[in-house]
Each structure stands twice: as C-alpha cells, then as structure tokens.
Amino acid sequence: MKDTYIFAAQSVAGLWILDISNPAKPQQLSNVSIGGEVVDVIVEDSLMYLLGYSTSSFLKIDTTQGIWIFNIANPEQPRLLSHYFGISKYVVNASPEKFA
C-alpha cells in the first residue's frame, strides 16, 4: 500500500492497482500483465518491483520470470523501466535497494 493505493499481486491476472481513497468504493486504476504469474510486489516511492514466475518454464529461461521494475508516478499508467529475468520466485520479500 502507498498513500491511498493498493497494489495487489494476482498471479496470472497480473498486478492490479486500486485507489482506496473511498474504502466503501475502491476504484480500479490499472492492471499490469507480465505474461506469467505475479507472485510478489514491492512499492517504494515512485517505483514498483514485481516478481514474475511461470510454472511452465521451471529450469529453463523464460522472459515472463524475474524482476520487473515500473515507474508508478502515475498509478493509472505504470511505465516499464526494466526487466531482469535471472531471478526465480524463491527470492521474495527483499529490499528494493538490493536490485539497484
């Protein structure tokens, strides 16, 4: 959660960004799809780090896996900054500075 936004990792449905400024009526702002499963999310300042994983690609290179870094200065239009596919789903709950 950041400010009045919730960032919900929803597996193959991607990541949903919701505005909860009115908790009785959450508003969907955007959805980010990476082609695989979003299994974790870290938000710090205007950056969002997604951890992607694909069960169909265990033990082989798959570009749906890895760390995806987005600029979320405008939560309605997340902008992809970079993608690193050398990380598996087993690296979770890490600090964003470890990816810098």
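This note goes through the predicted model point by point.

1. Ground rules. The model is predicted: local features need pLDDT of at least 70, side-chain atom pairs count only at pLDDT 80 or more, and totals for chains, interfaces and linings use all residues. Residues are numbered from 1 along each chain as its sequence is written, and side-chain values use heavy atoms, with hydrogens and water left out.

2. Confidence. pLDDT is the predictor's confidence in each residue, from 0 to 100. The protein chain averages 81. A score of at least 70 is reached by 75% of the residues. Residues 89-94 stay under 50. The model has 10 contacts for this stretch beyond four places in sequence; contact means heavy atoms within 4.5 Å. Where pLDDT is low, the predicted coordinates should not be read in detail.

3. Overall make-up. The protein chain has zero helices and seven strands. Its elements run β-β-β-β-β-β-β from the N terminus. Helices (H or I, at least four residues) and strands (E, at least two) are DSSP runs, numbered from the N terminus.

4. The sheet S1-S2-S3. Three strands form this open sheet, in that order, with antiparallel pairing. Strands S1 (5-9) and S3 (27-32) are its edges, each pairing on one side only. The twist averages 20° from one strand to the next. For such angles, axes are lines fitted to C-alpha atoms, for helices over the stretch in contact, and angles run from 0 to 180 degrees between N-to-C directions. Two strands pair if DSSP finds at least two bridges between them. S1 and S2 (residues 15-19) are joined by five bridges. Ala9 stands opposite Leu15 in S2.

5. The sheet S4-S5-S6-S7. Four strands make up this open sheet, again with antiparallel pairing. S4 (37-44) and S7 (79-84) each have a single partner strand, so one side of each is left without a neighbour in the sheet. Neighbouring strands are turned by 20° against each other on average, direction ignored. S6 (residues 66-71) and S7 run antiparallel and share five bridges. Ile67 stands opposite Tyr84 in S7.

6. Packing and surface. The protein chain has 100 residues, and 36% of them count as buried (under 20% relative accessible area; exposed is over 50%, partly exposed in between; 1.4 Å probe, protein chains only). Among contacts between residues at least 6 apart in sequence, 36% join residues at least 24 apart. The accessible surface comes to about 6000 Å², by the Shrake-Rupley method with a 1.4 Å probe. Carbon and sulfur atoms account for 51% of that surface.
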